[in-house]
Amino acid sequence: MKGSGSTGWKGPVKFRMPTAENLVPIRLDIQYEGQRYKDAFTWNPSDPDNEIVIFARRTVKDLKLPQAFITQISQSIQSQLADFRAYEGQDMYTGEKIIPIKLDLRVNQTLIKDQFLWDLNNFESDPEEFARTLCKDLGVEDPEVGPAVAFAIREQLYEIAVQSVSSARESRLSKKSRRGSDYGSASKASGLSMDLVKLFSFKSSVVRKRKDLDFYEPMVDLLTNEEVDALEAREERHAR
């Protein structure tokens, strides 16, 4: 994990994921003829679009899904990539933005909850490396937990980045009507992050230093098979 901290941007940058690798979080939940396919992964928006169909065909073959899933998987990925690409080229203001990241995940039998701070100005941050380190520190053995943690971080960073585009747009409009307008003043996330900066004086690291921020205590729990079955049944009812 690189801890070089804020790069000190003073104004807008062009939209992208505020991480070293500009990867888009993709989430799929497709049902067809009584079968369901759920997955979550990242995709490089610079990859050629024909890779999407190749991926869909390989997934359908490996999981022995109906051929109709090829089109549905491809369309879902293309739609989510189109949403991401629609923001490319637009201004994204990060400023002095330290944002809270929250984890509340169940992966197989592992339940993990945590909360920490993340510096949006650090475009060298690595969610995957952080997730590996976190799992090692917490003694998590399931190899699927790390990727799920990294994905959850990327999803939240993506949401904040999109909000930052709106903040930059609104700040430009505000500057036309008055001087000294505050970038991101209309962003609820921005206000929350600045409150956290004041509270924790957190300016130097990409993520929290555990010894300094004991307020954030991670929690890991291993569920029994019965508890997992009960949770999955509840999730299935909610999905309906």
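Author: A contact is counted where heavy atoms lie within 4.5 Å. In this predicted model, local features need pLDDT of at least 70 and side-chain atom pairs count only at pLDDT 80 or more, whereas totals for chains, interfaces and linings use all residues. Residues are numbered from 1 along each chain as its sequence is written, and side-chain values use heavy atoms, with hydrogens and water left out.

Reader: What share of the contacts in the protein chain with a separation of 6 or more comes from residues 24 or more positions apart?

Author: Such residues account for 70% of those contacts. L28 touches I77, and among its other partners are Y37, F41 and I73, residues up to four places away in sequence not being counted.

Reader: Why is L28 called buried?

Author: Buried means under 20% relative accessible area, exposed over 50%, and partly exposed in between, with a 1.4 Å probe and protein chains only. L28 has 1% relative accessibility, and therefore counts as buried. F130, at a relative accessible area of 8%, is buried too.

Reader: Where do L28 and F130 lie?

Author: L28 belongs to strand β2, and F130 to helix α3, residues 127-138. Helices (H or I, at least four residues) and strands (E, at least two) are DSSP runs, numbered from the N terminus.

Reader: How do you know that the span of helix α2 agrees with its 18 residues?

Author: The expected span is 1.5 Å times one less than the number of residues. For α2 (residues 68-85) this should give 26 Å, and the end C-alpha atoms are 26 Å apart, so the two agree.

Reader: How are the residues of the lining of the largest pocket divided by type?

Author: Ten are nonpolar, two polar and eleven charged. Ala, Val, Leu, Ile, Met, Phe, Trp, Tyr, Cys and Pro count as nonpolar, Asp, Glu, Lys and Arg as charged, and the others, Gly among them, as polar.

Reader: Which elements each supply at least two residues of that lining?

Author: They are β2 (24-32), β3 (35-43), β5 (98-107), α4 (145-177) and α6 (225-239).
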